[in-house]
Amino acid sequence: MLKTPNPNPTQARGRGAATRPDGRFEALRREAFHDGWIPEETPPAQPTELILDTARSVIVINKSPDIPLAQSVNPYRGCEHGCAYCFARPTHSYLGLSPGLDFETKIAWKPDAPERLREELARPSYRCAPIALGISTDGWQPIERKLGLTRRLLEVLRECRHPVSIVTKSALIERDIDLLADMARDDLVHVMLSVTTLDRKLSRTLEPRAAAPERRLAAVRTLHEAGVPVGVLFAPLIPALNDHEMEAVLEAAAAAGAKTAGYVLLRLPYELAELFPDWLRRHYPERAAHVMSVLRQMRGGKDYDAQFGARMRGKGVFAELYSQRLRKACARLGLNREERGLNTNAFRPPSKNPAQGELF
């Protein structure tokens, strides 16, 4: 183990993680410590760096039985939102980068993703099934405002009349209301806004670069008024931190026009089992032990249980309590009354040469 001094152990402004722990595939492990020579000061701003991702395909096939969608497209790897709890953080280890600060400051993107998507949808062997857009990391994260990559992907899906399911915590999705409203007329889109808390202070600390809670609720209203089916995802549910807000979040979302709702229990796979407790100790030291205690009770005594089905909800008394609270709140608010499936019958393969146009 290689130990390196950490002169700035405090939180970087606007970032969720405070450290860069090595990924699980690295041969050497570095442990940060402060040697007392350099004063502890506020660390400098951490700029976002873009990394080119040259993947030959963009459609990822999902084999997890507890995720209802069979395939997904992720424009970005890493996310500027910097959510302390993000279950996708450990995927940065595959790039040889840290799931900590690197995950939110070194963003891999696929500039030719729309072209690759077009090629894959045009294959004679392709069979239409709803695509989850940006399910691992948010497709509407701040860098999207500059790059417009997710919008270009959405334009391909709209052109092909291909169904898409979206989860985001960004109000930037309002930018694409023209595409979404058009797709909604053929039952080709469903959007879930992730609302973790109504407490601005907690949100600012937990999700430093995500939209404020009231902006997400405003986006719910905008989508609903445009005719886009929209719901709310109370995710993640964190015991003893935001769990008491479930009903309040659902009430606010229903008032804004949400028609569906769900929740996901906090997940701590791989390096996140160290990163999130570190965040807790920094920001909520008086609650840290209690949060982890309740979570472990729902995970069979472990920080995380990857078993399909249980990983999203947990097990035991607390898990059943949360499930009952969701069902009762939804029944009272009129949520989850309708199940509208996405339409796969309108799909038409894209033109192989869109620049040439159609003769007829």
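Which residue in β7 is the bridge partner of Tyr-76? I looked this up in the model, which is a predicted one, and found Trp-109.

**Sheet.** I then traced the strands around that bridge. β7 covers residues 106–109, and its pairing with β6 is antiparallel, over two bridges. The sheet itself is open and has three strands, in the order β3-β7-β6, with mixed pairing. I noted that β3 (49–52) and β6 (76–77) are the edge strands; each has a single partner strand, so one side of each lacks a neighbour in the sheet.

**Core.** I next went through the nonpolar residues. The largest nonpolar core holds 83 residues, and those touching the most other members are Leu-117, Leu-121, Ile-166, Val-189, Leu-250, Phe-276 and Trp-279. Helix α10 (residues 288–298) gives this core six residues, the most of any contributor. I also recorded another core lying apart from it, of five residues, including Met-192, Leu-233, Ala-235 and Met-312.

For Leu-117, I listed the contacts, leaving out residues up to four places away in sequence: Val-58, Ile-59, Val-73, Ile-131, Leu-153, Val-156 and Leu-157.

**Helix α10.** Which residues of α10 are buried? I found Ala-288, Val-291, Met-292, Val-294, Leu-295 and Met-298. They span an arc of only 165 degrees around the axis, so they lie on the same side of α10. I checked what the buried residues of α10 pack against, and the partners are β12 (260–265), α9 (272–283), α11 (310–313) and α12 (317–333). Last, I looked just past the end of α10, where Gly-300 has a positive phi of about 65 degrees.

Terms used
Residues numbered from 1 in each chain as written. Predicted model: local features only at pLDDT ≥ 70, side-chain atom pairs only at ≥ 80, totals over all residues. Heavy atoms only, no water. Pairing = 2+ DSSP bridges. Helix = DSSP H or I, 4+ residues; strand = E, 2+ residues; numbered from the N terminus. Core = buried A, V, L, I, M, F, W, Y, C linked by side-chain atoms within 4.5 Å. Buried < 20%, exposed > 50% of the residue type's maximum accessible area, 1.4 Å probe, protein only. Contact = heavy atoms within 4.5 Å. Arc of directions from axis to C-beta.
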